Amino acid sequence: DFEADISELTGEVRKYLPDNRHPFITLDPNKCINCGKCVRTCSEILMVSALDFVNRGFKAIVKPAMEKPLLETNCISCGNCIDVCPTGAISEKFPFKIPGTLPKENHETVCNFCSVGCKINYKVLSDDVYYVSNNTEEIMNSHNNGYLCVKGKFGHRYLTSGNRIETPIIKLNGKASEVKTDEAVQYASKRIKNIIKKYGADSVAIFGSPKMSNEELFLLQKFARAGLKTNNISSFSNMISDCEYDSLDDSLGLTVSTTSMDNLMNADVIVAINSNLSEDNLIMELKIKKAQKKGAKLIVINSSEIKITKFADLWIDSRKGTNTILLNGILSELIKKGLVNEDFIKTNTENFSELKNMLQGNNAEDVCELTEIDIEKYKELTHLL
Ligand code: SF4
Ligand code: SF4
């Protein structure tokens, strides 16, 4: 009826084996239309360049660099190529089977793996069958422009992992047994009460998980202060990131940044200290790279070489554990050269004269000797700042 001529549709066909070697990503070149979106996302946005075209003409296909398994390239497993691929040639390996093309609901939320707070969209089929796909218009226009790091894209899988402990366990006389939640709560309550009775309220401490919501953390500190009468409250994130957040309270008066990520776009110089951004804050790294394209200079202070160091205008490889000496040295140079904003200091800070006195006698040679930084690099650093 349609006068279709089958001979027009026959001819050479490309046949490739899908590459399933990555734990989360399948590459199926048979579905590729060579649009290049994945290649450009990986090289121009992420500046990773783990994918590229190989061969020419009809045989051209997208493959990982040097045709290696994706995991053996510099791929950071962010999965952003999955969301941009229009044909499913790059797709996610799901830990479940999705029957047919059943409709999925979009559930937009905020990723809670780090403080960047990327907008994230879950495609939900049921309570146990869902995945992240950041292709809604609102998410693409959000501050992370739809891009995610490996934690945001695949990190939620711990929730559906078969290894997850879902039932409370009590260990008595060396034997662990599964119990009902009520029983576990009663048992924990009895043990905590006994400890407090014997040693006082200060002998117990409460740790909050970084995965808890603000409301849950509020209730947890209420439980500690009003219920257990202890102020021993902390967070596991202090242990995970080996970072003392109280020092921010001491110096800034609050445990948050004094600027927003959007202000990075207006920065002339950005200094990243002890931050492995590619692993810990990929989206922040993308914003820094964007700011560099606008002319910002990036200084990375890190004792070892990390991925971001190759994009830095200046890499300061100070000896591990000497960054306080380095920062004091920088402060001292800025004060000596009269480069501090006196008006800002008068209206926004306290005890500046004490700081000035403390830094007197600080000199570049000593700082470089203690931090093992090349003196020329140190001069370049203070010049850039
Ligand atoms: S997962 Fe990320 S880094 Fe790896 S190829 Fe895809 S876009 Fe590039
Ligand atoms: S985005 Fe998909 S279809 Fe386009 S070149 Fe990459 S793999 Fe091929």
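Which backbone oxygen lies 2.5 Å from a polar atom of the side chain of T322? It is the backbone oxygen of R319. A polar contact here is a pair of N or O atoms within 3.5 Å; within protein, one must be able to donate a hydrogen and the other to accept it, and residues adjacent in sequence count only if both atoms are side-chain atoms.

Some ground rules. This is a predicted model: local features need pLDDT of at least 70, side-chain atom pairs count only at pLDDT 80 or more, and totals for chains, interfaces and linings use all residues. Residues are numbered from 1 along each chain as its sequence is written, chains are lettered from A and ligands numbered from 1 in the order written, and side-chain values use heavy atoms, leaving out hydrogens and water.

Stay with T322. It sits in the loop between β14 (314-316) and α11 (323-336). Helices (H or I, at least four residues) and strands (E, at least two) are DSSP runs, numbered from the N terminus. T322 is buried, at 3% relative accessible area. Buried means under 20%, exposed over 50%, partly exposed in between (1.4 Å probe, protein chains only). Beyond four places in sequence, T322 contacts L370 and T371. Contact means heavy atoms within 4.5 Å.

Now K104. Its loop runs between β4 (90-92) and β5 (105-110). K104 is partly exposed, at 29%. Leaving out residues up to four places away, K104 touches I98, K123, V124, L125 and Y131. Its C-alpha is 9.7 Å from that of V129, 25 residues apart along the chain.
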